Amino acid sequence: MIAKRNLIYLFPLLALFFLGPLTYSQTTKIKKKETRTRLFNDTTATDSEYLMAIEKAGEILESAYNDATFDSNSHHLFGEIKRTQSKLDLILTSLKGANPNVRNQQMYSIVLDEIQQKLDEQNTAINERNLTLEKIKNRVIDLRKDKTLMTLLKDTIRRKQFKKEFADLKKRYLSTDSLMTKNQGILNTKKRLTVQRKIAVSNAMLMVENKLEKSGISMLKKEYPSLWSTGDSVSKKAVTQNLKAKIIIEESVAAYYLSYRAGGLITLVFFMGLLGWYVSRNLKYLRTNGHDENLMQFDFKYLNKGVILPVTIIGLTIAVVSNLYAPALFIELLQLILLSVLTIIFKSRWSKTALQNWMILIGLFFILCFLDLFIEIGFVQRCAFIIINIMGIRYGLVQIKTIKNQLYIQGFFKWASIIFIGLNVLAIFDNAFGRVSLANMLALTAFVSLTQIIALSVLLKIILEIILLQIYTTRIKRGIEKIFDHESLSNTLKRPFILVIIYMWIVVIASNLNIWESLRTSFTSLLTHPNTIGSITFTLGNIVLFFIIIWIAHLLQKYVAYFFGEIDDENEENINKRQHSKLLITRLIVLIGGYLLAVAASGMPLDKLSILLGALGVGVGLGLQNVVNNFVSGVILIFDKPIQIGDVIDISSESGRVKSMGLRTTKINAANGAEIIIPNGNLLSQNITNWTYTDNYKLVEISIEVAGEATPDDINSIIMNALESLPSVHNAKTPQIYYTAISDEKYQLLIKFWCSIYKTEEAISSARQVLFSNFKAKGLSFSA
């Protein structure tokens, strides 16, 4: 009886779920129709078919339950939504209490833009999950199309046989329906919160843009009353409370940004630690092998005092330039730490007067940062800013000269001084007439521009010292102890770095003036604007990138030799030819890779490139045969290696030592000091005598005449002893003595011995001198 009652309750539930709201008349018609069909067509399903239908429905409900369950990605999404809310709450709170300085507003703008992108992504992800739930519902509703299951639901007699199966089916349905209802509610809540946050972000972005627009460069637009028409009526208690509140807000914003950029900062610290370890290893190697005193000849200003401070300066300078939109407290703390580290280095290097003036500059900068961050804009704050501006102008006119003489790069310091004085003058003018935000921004930019060019000058000197240290260490490991001309090499190396220094300086100044983003946007639009000539479409950015990549490739292939310890105008006997071959191959790879990358970066379509190559082929056929011939010959010389750098060769009427090998020409240093430039095609097409193909030794000969009472054995002994005493003679190969004429007490001899081909004349001269002395000591006359 109980089982019957359960079946009676189960049928309406499943019928309602699977059949939907069908009217009674429709159900009656279907039953009559199916009865007639069953009478005339024996289509009654078997028990196994009913079981299969029930099992299939159960599998669909089970899969629907599993698919409706939130996976790990969904829980990660919900966690990301929660974290986004905490970020947004912090930014919105900071916007209400923080000073409206440019740094903070720029950071707010960037972070709000990223939060908006995150909210869009989260909204899209929620919509996808809602769509997934709708698809799961449709899969369950589609069970109504199963005719066998529908027939069983309508057949009250048959249904009793599957009482247990229907009970399980009901349980699965209820659990699936409950889970889908619960998850649908969660998604609706998350979507509602996301929409609300998007509205809050939009309002906050409008507020930030308004504040940034107010701080824009508009000198005549009033923001506050003029200085002479305002007073400061704020109580000390209010100032103290406001100061505490602003400190808390600025600390929270800086802490948030620190966690926000933690990954990049940790990466920077890691690479700086790696650089410090590498430099320390080179210094330790030189000191361990007794070359510590030679380092003093390189005029190292910073590496001689240790590695930690120079590497810290590199890391802090990169951090300042790479965090353009950091909050004011974060970036100004970085700059003050950088200036403090510079002070420690300058303490033992600078004169007392220069160091005092440097400390005054840091003090003024610190006070300026404090006023800008924590003091409410008012009469006192504005007067303090004007006083600092006046002191800055005097500093730029009088005291700054003592610092200039201590710097490695003095050319740009003149422009930095002009900018420093000019911005302080403009800051006083704007402050007096009510443009306080602009005045504060100009004052901070003035001090940042001056201190940053000093830091960048030190950075350049440290980088050059690291490169020179690497070159010298590599040479010592190769057994070359000769001190090279480091001053001319430094002048050569610093040229490309100066361009990077200028770029970093301009970026810092433009970012502090709140014009970097607009400049970058303008240049980007200019460089990415499509231009069409005929059927070819190109952008200026592609062309600029093409030439920049080629320029970098040529710089790398030119300077890569320095990192192998190779210096121009070198004439060492123990030159490493194998290393030179690797170096040439490296240069070839760098050039070819650079040109291929430049072509790819130019965005030129392959069909247009084929036209260009066809035109180039015509050019080769008409007038570039020699250029291509020399290029291909250079590649063959690099890989076939008939000659290498350092070889002494004879070709046609020319002879000398191979100084360098390029892709088009080869340079040979003649014995008289001339530099002979030979096209590679000529080298490959002519007979070459390579004196150093196998080794660096040459067989030389001396003709001498000896007179006196001596036997050939005595003469041979004197000659062998004399040659063995000479370090320039290669005694691993036995010298050869030939008698060309013998008479009473007179001998004519031909002596052949091996010596370094780089010291042939020296070896012959030394041999003659020693032989003369030895024969004279024995009472024999000697002539050569």
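How many helices and strands does the chain have? The chain has 26 helices and 11 strands. The model is predicted. Of the 784 residues in the chain, buried residues make up 42%. Take the contacts between residues at least 6 apart in sequence: 77% of them join residues at least 24 apart.

Strand E5 covers residues 665–669 and pairs with E6 over 5 bridges, in the antiparallel sense. Within this pair, threonine 666 stands opposite isoleucine 678 in E6.

## The four-stranded sheet

A second open sheet has 4 strands, in the order E9-E10-E8-E11. Here too the pairing is antiparallel. Which strands stand at the edges? They are E9 and strand E11 (781–783). Each has a single partner strand, so one side of each lacks a neighbour in the sheet. Neighbouring strands are turned by 25 degrees against each other on average, direction ignored.

| Strand pair | Bridges | Residues opposite each other |
|---|---|---|
| E9 (residues 736–743) and E10 (residues 746–756) | 7 bridges | Isoleucine 742 and tyrosine 747 |
| E8 and E11 | 3 bridges | Valine 706 and phenylalanine 782 |

E9 and E10 form a hairpin with 2 residues between them. Glutamate 745 sits in the turn and has a positive phi of about 55 degrees.

As for side-chain directions, in a regular strand the side chains alternate between the two faces of the sheet.

## Helices on the four-stranded sheet

H25 lies across E8, E9 and E10 and runs at about 25 degrees to E10. H26 lies across E8, E10 and E11 and runs at about 25 degrees to E8.

The two helices also pack against each other. Helix H25 spans residues 712–724, and helix H26 spans residues 760–777. Their axes come within 9 Å and cross at roughly 135 degrees. H25 and H26 are therefore oblique to each other. The crossing is right-handed.

What does H25 bring to the contact? Ile715, Ile718, Ile719, Ala722 and Leu723 in H25 meet residues of H26. On the H26 side are Ala767, Val770, Leu771, Asn774 and Phe775.

## Another helix pair

Helix H10 (residues 262–288) packs with helix H12 (residues 308–322) at an angle of about 155 degrees. Their axes are 9 Å apart. Are H10 and H12 roughly parallel or roughly antiparallel to each other? An angle over 145 degrees counts as roughly antiparallel, and H10 and H12 are therefore roughly antiparallel to each other. H10 and H12 cross in the right-handed sense.

On the H10 side, the contact is made by Leu268, Met272, Leu275 and Gly276. They meet Val311, Ile314, Gly315, Ile318 and Ala319 in H12.

## Selected residues

Asparagine 357 is found in helix H14 (residues 352–374). Is asparagine 357 buried or exposed? Asparagine 357 is buried, with a relative accessible area of 8%. Leaving aside residues up to four places away in sequence, asparagine 357 touches Tyr395, Gln399, Thr402 and Ile403.

Cysteine 369 counts as buried at 3% relative accessibility. Cysteine 755 counts as buried at 0% relative accessibility. The cut-off for buried is under 20% relative accessible area.

How many disulfides does a search of the whole structure find? The search finds 0 disulfides. A disulfide is a covalent bond between the sulfur atoms of two cysteines.

Note on methods
Residues are numbered from 1 along each chain as its sequence is written. This is a predicted model: local features need pLDDT of at least 70, side-chain atom pairs count only at pLDDT 80 or more; totals for chains, interfaces and linings use all residues. Side-chain values use heavy atoms; hydrogens and water are left out. Two strands pair if DSSP finds at least two bridges between them. A disulfide is a pair of cysteine sulfur atoms within 2.5 Å. Buried means under 20% relative accessible area, exposed over 50%, partly exposed in between (1.4 Å probe, protein chains only). Axes are lines fitted to C-alpha atoms, for helices over the stretch in contact, and angles run from 0 to 180 degrees between N-to-C directions. Angles under 35 degrees count as roughly parallel, over 145 as roughly antiparallel, 65 to 115 as roughly perpendicular and the rest as oblique. A crossing is left-handed if the near helix is turned anticlockwise from the far one by less than a right angle, and right-handed if clockwise. Contact means heavy atoms within 4.5 Å.
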